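Trainee: I would like to learn how to read helices and sheets in a model. Could we go through one together?

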Amino acid sequence: MKIKRRATRADVPSMAMGDIAFNLLIFFVILARAQDDSHLQWTPAEATNIETAGHSVVSVLIDSDEKLYLNGQPIGEASLESKIDELLRDFAVGDRTVLLKVHREATALRFEPVIEAISNAGGELVHVVEEDRDE
Amino acid sequence: MKIRRRSSNLLIEPPSSATGDIAFNLIVFFLVCASVQPDSGRHQTLPRSEETEQKEEKDKNIEVVVKRQVALVNGDPVQPGQFQDRLAALLAGKPRPEDKVVVVKSDDDVPYHFWMTVTSQIEDAGGIITLQIEEEREVQVP
């Protein structure tokens with residue numbers, strides 16, 4: 001006598017689809033953010049009349065050890081200008097924003113050549129600072 | 001005659017096993033939201049650098065020398081509180097943009113926060129910043 005095997009159906013619960021999609025979305029957002037410079041140590045300076053920097057593809061950072069980074073990756077001062085120029089090549093005037101994040105105690109010897117390089121590469125400089133609330 | 005409505009037990013409670021998941025997702029969501037906040041800062045327009053020999057242009061443009069703790073306007077030390085007013089007064093009689101150029105020369109040890117304070121005040125006073133950076137050159141003597 002043949003005994004029929006019972007067919008058991010195992011469906012993925014459709015209830016969980018929303019949760020899975022949401023978690024995937026967050027995962028990729030975090031992954032995208034991991035490529036930026038948020039892991040670097042620096043303290044912003046203060047200034048008045050600050051405004052939202054807007055969208056930028058280039059971010060230059062001088063950290064508390066006075067090390068230089070371009071979009072989160074270490075870079076030498078000599079190659080900074082050409083790299084920024086390369087990154088901004090396809091962008092029109094008005095969209096060439098370069099965010100400059102400098103540790104508040106960094107010295108002019110370090111940050112002035114960086115400002116010069118950004119300026120020479122045609123970048124529109126935005127100093128990332130905090131609002132000075134003492135004024 | 002009054003007929004009583006039958007109370008049906010249709011109230012469905014959300015499964016309590018999912019509460020942990022919901023809380024976790026909410027935490028992650030707000031963490032991501034907080035980290036994606038846009039940067040804010042101060043725009044600064046600087047002209048591209050030119051290699052120029054030292055010329056006698058001091059009488060034309062205002063020169064600001066930034067030291068570690070003090071700024072000098074045309075050679076005179078100015079208190080931080082009076083700096084912007086002093087510059088505004090000097091720039092008042094200069095309507096042309098090329099006359100509003102303020103040459104900024106900084107010592108090597110000037111901290112960024114002080115440099116930002118000085119340059120912000122120059123811009124707020126109506127000046128156009130130009131950095132004067134000394135270039136080091138190696139000359140080989142035969």
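**Helices and sheets**

Mentor: In this predicted model, the axes of helix 2 (residues 77–88) of chain A and helix 3 (residues 108–120) of chain A come within 8 Å and cross at roughly 25°. Helix 2 of chain A is therefore roughly parallel to helix 3 of chain A. Axes are lines fitted to C-alpha atoms, for helices over the stretch in contact, and angles run from 0 to 180 degrees between N-to-C directions. Angles under 35 degrees count as roughly parallel, over 145 as roughly antiparallel, 65 to 115 as roughly perpendicular and the rest as oblique.

Mentor: On ground rules, residues are numbered from 1 along each chain as its sequence is written, and chains are lettered from A in the order in which they are written. Local features need pLDDT of at least 70, side-chain atom pairs count only at pLDDT 80 or more, totals for chains, interfaces and linings use all residues, and side-chain values use heavy atoms, with hydrogens and water left out.

Trainee: Which residues of helix 2 of chain A meet helix 3 of chain A?

Mentor: Contact means heavy atoms within 4.5 Å. Glu77(A), Leu80(A), Glu81(A) and Ile84(A) of helix 2 of chain A meet residues of helix 3 of chain A, among them Arg110(A), Pro113(A) and Val114(A).

Trainee: What is the strand order in the open sheet of seven strands?

Mentor: Helices (H or I, at least four residues) and strands (E, at least two) are DSSP runs, numbered from the N terminus. Two strands pair if DSSP finds at least two bridges between them. Here the order is 2(A)-1(B)-7(A)-6(A)-3(A)-4(A)-5(A), and the pairing is mixed. Strand 2 (51–52) and strand 5 (73–74) of chain A are at the edges, each with a single partner strand, so one side of each has no neighbour in the sheet.

Trainee: How many bridges join strand 3 and strand 6 of chain A?

Mentor: Five bridges, in the parallel sense, join strand 3 (residues 58–62) and strand 6 (residues 97–102) of chain A. Ser59(A) stands opposite Leu99(A) in strand 6 of chain A.

Trainee: And what is the order of the five strands in the open sheet of chain B?

Mentor: Those strands run 4-3-2-5-6, again with mixed pairing. Strand 4 (76–78) and strand 6 (128–131) of chain B are the edge strands, each pairing on one side only. Strand 2 (residues 62–66) and strand 3 (residues 71–73) of chain B pair in the antiparallel sense over three bridges, and Val65(B) stands opposite Leu72(B) in strand 3 of chain B.
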